[in-house]
Amino acid sequence: MAVDVAQLTADIAAGDIPALIYNDRDVFELERERIFGSAWLFLAHEAEIPSAGDYVVRRIVDDSFIVIRDEQGRVRVHFNMCLHRGMQLCRAERGNASHFRCPYHGWSYSNAGELVGVPFHADAYGGEHGLSPKEKTLVTPGRVAIYNGLIFASLDPAAPELEDYLGGFRYYLDFYTRQSDAGLDVRGPQRWRVKANWKIGAENFCGDSYHTPHTHVSVVEIELFVDTKARKRKQGALYFTDNGGGTTYKLPPGTYEERAGYVGYPPELIESQRRTWSAEQQALIADAGFMPSAATLFPNLSLVHNWPAVNEEGLIVPFISIRLWQPVGPGETEVYSWFAVDRSAPDWFKQASYKAYLMCFGSSGMFEQDDVENWTSITQMARGRLAQRLNLYNRMGIDREGKLLHDPVEGWPGPGRAFVGFGEYNQRELLNLWSRYLANGSAAPVAGR
Amino acid sequence: MLSFTSATHHEAHEFLVREAELLDERRYRDWLDLLAPDIVYRMPVRVTAPETLEHGLLEDMAHFDEDLYSLRKRIERFETGHAWTEDPPSRTRHFVTNVRTFEGSAADEVVVRSYVLLFRSRGDIRDADLVSAERTDVLRRTDAGLRLARREILADESVLRTQNLAVFL
């Protein structure tokens with residue numbers, strides 16, 4: 001069945017979600033072409049490839065890329081397909097290499113992507129007359145750019161600048177990825193496959209504070225992370241700006257130091273945060289009193305920041321995770337989940353924060369376990385015939401006429417619009433973006449609407 | 001390696017078989033009782049590395065990196081009745097084979113290596129999951145019997161094909 005993008009767009013704009021979008025082959029084919037073929041997509045963090053020759057292999061849906069630091073220290077992204085007969089050039093997942101030699105016929109490439117070796121060049125090709133290696137380099141995606149060490153690519157050579165794409169979301173992204181000038185240490189990723197549509201995780205992280213008190217009630221009951229209880233969760237603010245949005249928790253009264261200390265940051269990290277972040281960024285914590293928690297950058301990069309108790313004595317330590325919802329098909333996603341911590345943090349903090357991460361998120365995390373059970377079930381339900389008739393209810397925070405039930409937060413210190421309390425403001429924003437990409441291959445408003 | 005006919009080998013093998021029974025019957029409190037107070041329970045992330053298998057794991061990232069506190073929290077969570085991911089519970093079967101026993105580095109310890117194949121079935125229409133791994137354990141003799149002091153789980157997949165690790169290996 002062909003996808004009626006105009007109808008999808010209208011439904012989503014009205015606060016409905018046609019249930020089929022969570023498991024439909026034709027919708028997925030459109031997403032592959034118009035979203036994953038054009039948006040800025042996260043591949044890796046620079047800290048994963050610190051030295052010349054270090055590489056990781058990552059995908060954009062079905063396209064494999066070698067993300068490597070060349071001999072000059074520059075990050076390069078090469079399409080992992082030999083120019084000769086299409087063999088996958090690098091079959092390891094990570095390592096260090098000055099060159100890649102194709103296993104099939106032996107064409108060799110430098111880590112900067114130049115073709116530097118062709119066996120029997122004279123005999124086979126008549127030397128330079130037939131083939132000039134100097135003119136050949138591995139294919140690159142349309143664009144590559146880096147922000148705070150996060151390496152992004154777009155398959156579209158005409159993609160806007162990454163900084164413009166991130167827009168106001170940079171203000172929030174810095175909380176997770178630039179807590180000091182030292183940058184991040186990144187560990188992982190853990191990788192696992194779940195039978196869930198990629199959008200569900202992205203939507204959940206961008207704004208679903210409503211699920212937390214119920215889905216994650218067990219985590220409160222065992223006193224692992226008590227702020228998730230409903231009374232506290234509904235006091236958080238939900239913000240959205242440009243291509244991303246997220247959730248926050250309301251902090252108890254106090255100064256910046258007291259509030260950052262409440263979530264477990266030690267004095268030296270609080271000091272470096274204050275040196276690193278702008279006054280406007282610090283105001284989110286110090287004046288407005290909100291601490292960033294989960295967030296999503298369209299389409300499939302999410303972040304999370306929580307502060308559980310990591311030992312018997314109840315020591316509270318925050319952690320950061322970067323995660324990618326890599327689509328495998330309409331009903332399957334490969335989750336990439338990294339642990340991230342400020343590089344200048346003391347060793348005890350790094351270790352305790354890693355422990356906090358493992359207990360909460362990732363393949364064994366006690367939050368993530370229950371999330372994925374929900375998401376696989378939704379995906380399974382969405383593939384049937386009745387799901388094609390059902391519009392799901394994405395209208396929390398607006399009335400029947402579509403008017404907001406609450407006013408945005410006045411004097412919100414960051415970019416974009418924010419609301420306090422439960423609401424599906426961000427899921428609507430994310431899905432509106434999604435439908436605009438399906439229609440146009442970009443975030444531009446749909447023509448004639 | 002100790003002979004397959006040695007009493008120590010038999011004891012270690014018996015420990016693993018009984019432990020598998022506890023895990024498959026979800027008798028997690030009984031399982032906790034088999035753990036030493038200083039238990040280190042790790043499952044490093046496996047990666048596809050060039051040329052060698054030796055470098056095929058991440059030193060600083062694991063799927064599990066647990067002590068008694070975090071293992072106990074995981075089990076307390078299952079006991080709340082609100083751990084949706086295991087409600088209804090998975091049906092699991094831990095197949096333990098290729099058991100080899102070695103002298104430990106301390107007099108009261110033995111090292112036992114085994115293969116484990118975890119079969120996990122959820123609901124009625126999902127495909128079942130398999131997790132295949134080798135485990136290297138340190139078992140310690142106590143007055144109450146053998147206790148698990150250390151477990152390193154080496155998964156054979158770099159990308160796990162199970163929706164989460166709300167199960168133990």
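How many residues does the contact take from chain B, and how many from chain A? In this predicted model, chain B contributes 32 residues and chain A contributes 33 residues. On the side of chain B that touches chain A, strand 2 (57-66) and helix 3 (68-79) each supply at least two residues. Sorted by class, that side of chain B holds 14 nonpolar, ten polar and eight charged residues.

Let's turn to the strands of chain B. Strand 6 (residues 145-155) pairs with strand 1 (residues 35-46) in the parallel sense, over four bridges. Strand 6 of chain B also runs antiparallel to strand 5 (residues 129-142), and ten bridges join these two. A hairpin of two residues leads from strand 5 of chain B to strand 6 of chain B. Here is how the two pairings of strand 6 look side by side, each with one bridge as an example.

| Partner of strand 6 (chain B) | Sense | Bridges | One of the bridges |
|---|---|---|---|
| Strand 1 (residues 35-46) | parallel | four | V40(B) with R150(B) |
| Strand 5 (residues 129-142) | antiparallel | ten | R140(B) with R147(B) |

Now for the domains of chain A. The domain assignment gives domain 1 (41-146) and domain 2 (168-440). Taken over C-alpha atoms, the centres of domain 1 and domain 2 of chain A are 35 Å apart. Where these domains meet, six residues of domain 1 of chain A are in contact with ten residues of domain 2 of chain A. The domain 1 side of this contact in chain A is made up of three nonpolar, one polar and two charged residues.

Note on methods: Residues are numbered from 1 along each chain as its sequence is written. Chains are lettered from A and ligands numbered from 1 in the order in which they are written. This is a predicted model: local features need pLDDT of at least 70, side-chain atom pairs count only at pLDDT 80 or more; totals for chains, interfaces and linings use all residues. Domain bounds come from an automatic or database domain assignment. Two residues are in contact if their C-beta atoms, placed from the backbone, lie within 7 Å. Ala, Val, Leu, Ile, Met, Phe, Trp, Tyr, Cys and Pro count as nonpolar, Asp, Glu, Lys and Arg as charged, and the others, Gly among them, as polar. Two strands pair if DSSP finds at least two bridges between them.
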